[in-house]
Amino acid sequence: MSEIRIERISKTYPGGKAPAVRDISLTVQDSEFMVLLGPSGCGKTTLLRMLAGLEYPDAGRIVIGDRDVTDLPPRKRGIAMVFQSYAVFPHLTVFENIAFGLRMQKRPDAEVRRRVSHASGLLQLDPYVERYPAQLSGGQRQRVAVARAIIMEPAVLLMDEPLSNLDALLRLQFRAELKKLVSEVKTTTVYVTHDQLEALSLGDRIAVMRDGQIIQVAEPMTVYDRPATEFVGSFIGSPPMNFLRGTAQSEGAAVFSVAIGDQSLPAPAAVAAQTGSDLLVGIRAENIVPHASAPVGTGSAGALRAETVVVEPLGSHLLVTASVAGQIVKVVTRTDFPARAGMDIWLEPEPDKLRWLRAADGIAFGN
Amino acid sequence: MTTVAAPAALRRRPAPRWHLYALAVVISLFILVPIYLIAVAAFTPRAVLNGFPKPVVPVAVSIDTMQAFLNTRGVGQSVINSLIVGLLTLVMSTVLGAPAGYALARFAFRGRDAFQLLILMTRAFPIAILAVPLTVTFITWGLYDTLPAVALVHTALALPTTVLITASIFISVPVDLEEAALTLGCTPLGAFTRVALPLALPGLAAASIFTFVLSWNEVFASVILTVSNRTLPAQVLSSLGDSPLAYRFAGGFALILPALVFIFFIRRYLFNMWGRVVR
Amino acid sequence: MQGEVAQRERSALLGDTAAPLARRGRRIPIIPYALLAPTVLFLLVFFAWPMIQALVLAFQGADGAWSLAAVERMTGDLRFGDAVKTTLIFAAVVIPLQTVLAIGMALLLMSNLRGAGFFLYLWAIPLGISDLASGVVWLSIFTDRGYINSLLVGLGLSDAGYPFLSYENPLSLFLCAAIAELWRATSIVMVIVLSGLQVIPKDYGEAAEVFGATAWQRFRHVTLPMLRPSLQVALILRTILAFQVFAVVIALAGRQLPVLAEEAYHFYYDIRSPNVAAAYALLIMALSLVFTAIYLRVLRVRDAELGRGR
């Protein structure tokens, strides 16, 4: 139960061409569940391992609680870690695996038995405590890894993509269980994943990383609705956020629009500084209202005509891929929407869900 | 609609299995029959042994040939000497080689390639190079004709292989097991002894057996480095010329016996290594 | 056993390492060097030093001055030419035969025969047998009153048997020694080839089969190229050992079949001349180095062929 302060951490691997982690600073609040999210190679695992003490930074400081742990070995940091491969000791029983950290602390037998039994109960491992890991399934081994970590009552819990080796169905189930467990245990947690669904579901805050840097740190819905860059918008959410490229225009006194092909969308005043340059308009697939025929009246100004390319019925909703002025847009709508390939439809984005980004560097501005 | 003939490869009949079995049996016989014969020879009474033609199927079994061999002057002692040298070699090469193998497996350090090159080069050295000049050195140091001297040379022979085997064994122990131990309160040494070592033990044991057998079998250096403190192979070799047949046969069997025993013990390990074949 | 050894050696040398452990702080780590130091020291003492000693012995005369006397004595010896020839021919005969036999045995083991495990155990037995033991074993078979002759006489095919190991029959002597070596050392090559075969994914052969390749074509164009790393290791090891052939020859033929290692022993022991013995030793090593270089060149394996990126 401690705050973590990462201050200006950098690391380049020997022989590496670019830094793995570049001048990163981040504060994780006490009891917060912080998710490090990003594609492979973005540095999230490196950062986690530096928190653990399994790697050492070239520059910067790491503070856990009120202790500077930058140069301390893992055993002195008050951390516990769940590895992607679980790293469950094959030569020890489940009981001894879970008890391992306590045995290292030379706790009395009675206390060890009590605490192991509590942890194995939490993770439904009671029937398996005398078995060896080779006799367990992948999911069960993962629970052992989690039990082994939380039994230590660490100041900080670190998790390196613990769900990525499970099959899709198990992953869904464990995600929910993990969320429940974590809310009961209330340890400061740093969780690494490349799966944006896990990030959205589990995190109190998400730190989106790319190429060794943190692009955005915010609560899940903020990252989802108001991504800081094009990268964040397209990385989070399924389908990714739509980005339409257009040119900012001034239509007169304090009235602006974005020209997309030969159509245009009304734009807020924030666009004023960008007139003449290219913009990206971001809108999520579920925030577009499709119409089978051209809307009239006030609706028509904020709607774009598009040609349907593909219609995918996905059980609970329809995923429509459409083309606006040659650009692809994905729309999620109700299953009985009458769209067919080749048909013209009109797409009306919800105005307060629009995001405005500079095309040159993909960075959002405005709200 | 015309039918298309399947290409020849897809039309093949299942391979005639009995050909393959026959071949395998022939090879097995080639390997086993000589061993059988030497065993028979070693346990045939001397009188029969000196006769001719020799019975391929033993008509009489007796241990007097082996006994005579073991009672020949110097033989019993040489067996003990071989055991001592083998154990010394085993201990020395493990104590020196296992840490080096661990370092090679776990650390990326400057000079690593140079070290690997050194290992490979020494693996390729002919023994003769070692033994002949070392005799001169050992004489100067007063080590000539002692068992530790032989053990030192055997260790030099076994060390490169020991290093590479232990490196490969430690590589097969996932490093995140040791990292997990580090996060659970172990020092690096603790992680090694509690996690890496127990998992590496079967492989290390097999490597030790290999080293022992290597030492037991080694003949050139042993015979050059000793005069009165002979190991078994040195003893047998030096008396080959003027010893009766019975002595030679019994000696041959004594030399083979450890191989048979040890292969028997590590065959499970052999099977684990080539599990896919055995299925 | 030796084959398993060689397989592990190869994987360690080709660098398939797990991620290394972190270094403490930003200082140069001492732990790996500390762990390596005893081995490096030991190897330097027991390899580098004897090398130098051998060079000194071979190229120095009795008075300590540099001289080629020892070398001249070696080359001038009556048996020198024969020893070189015999050693080289022996290697040239035994090694290809062993390799082919070993590949055949390994392929047999991989062809899903029932009892493959049993056969593997049997065929691995010679791994632990020394060259001396092998010589004695085959002595019992080939000697004048040995088992082959017993069989021949017993079956009435011959009156007194055939003198396989007589000095009047150098060809026969040579063949007997070759058979003994074949018997003993093929397992080593087989085990290395076997482990090499196991790493080849089945998909390649199956793909070739779908495209119409016969078994022989599959072997030649898919299996054999992918075996190259294993073959390289096996051939280097076997050739170096072949040049040192010693106890097999002595057990079967005494001094009648001259080989380099045996001449070295003879000069050291009987003639008491460590200088000439050292000269022979250097010759053996020179031959080994030359052939190792040849193998490395001819059987050069590029990383890309192995499917290994960097």
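This is a predicted model: local features need pLDDT of at least 70, side-chain atom pairs count only at pLDDT 80 or more; totals for chains, interfaces and linings use all residues.
Figure 1. The side chain of C:E181 is in polar contact with the side chain of C:R184, at 3.1 Å. C:E181 lies in helix α8 of chain C, which covers residues 170-198. Its relative accessibility is 3%, so C:E181 counts as buried, the cut-off for this being under 20%. Apart from neighbours within four places in sequence, C:E181 is in contact with C:F90, C:V94, C:Q98, C:D131, C:T186, C:R238, C:V245 and C:V248.

**Figure 2. The interface of chain B and chain C.** On the chain B side, 113 residues are in contact with 104 residues of chain C. The size of an interface is often expressed as the accessible area that is lost when the parts come together. Between chain B and chain C, about 10300 Å² is buried, and carbon and sulfur atoms give 77% of this area. Helix α1 of chain B (residues 17-42) supplies 17 residues, the largest share of the side of chain B that touches chain C.

**Figure 3. A nonpolar patch on the surface, in chain B.** The patch is formed by B:L257, B:V261, B:F264 and B:F265. Together these residues have about 380 Å² of accessible area. B:L257 belongs to helix α12 of chain B, residues 245-273. B:L257 counts as partly exposed because its relative accessibility is 39%, a value in the range between the buried limit of 20% and the exposed limit of 50%.

Terms used: Residues are numbered from 1 along each chain as its sequence is written. Chains are lettered from A and ligands numbered from 1 in the order in which they are written. Side-chain values use heavy atoms; hydrogens and water are left out. Patches are made of residues with over 30% relative accessible area and no salt bridge: like charges are joined within 9 Å, nonpolar side chains (Val, Leu, Ile, Met, Phe, Trp, Tyr) within 5 Å. Accessible areas come from the Shrake-Rupley method with a 1.4 Å probe; for residues, only the protein chains shown count as cover. A salt bridge is a side-chain nitrogen of Lys or Arg within 4 Å of a carboxyl oxygen of Asp or Glu. Helices (H or I, at least four residues) and strands (E, at least two) are DSSP runs, numbered from the N terminus. Buried means under 20% relative accessible area, exposed over 50%, partly exposed in between (1.4 Å probe, protein chains only). Contact means heavy atoms within 4.5 Å. Buried area is the accessible area (1.4 Å probe) that two parts lose on being put together, summed over both. A polar contact is a pair of N or O atoms within 3.5 Å; within protein, one must be able to donate a hydrogen and the other to accept it, and residues adjacent in sequence count only if both atoms are side-chain atoms.
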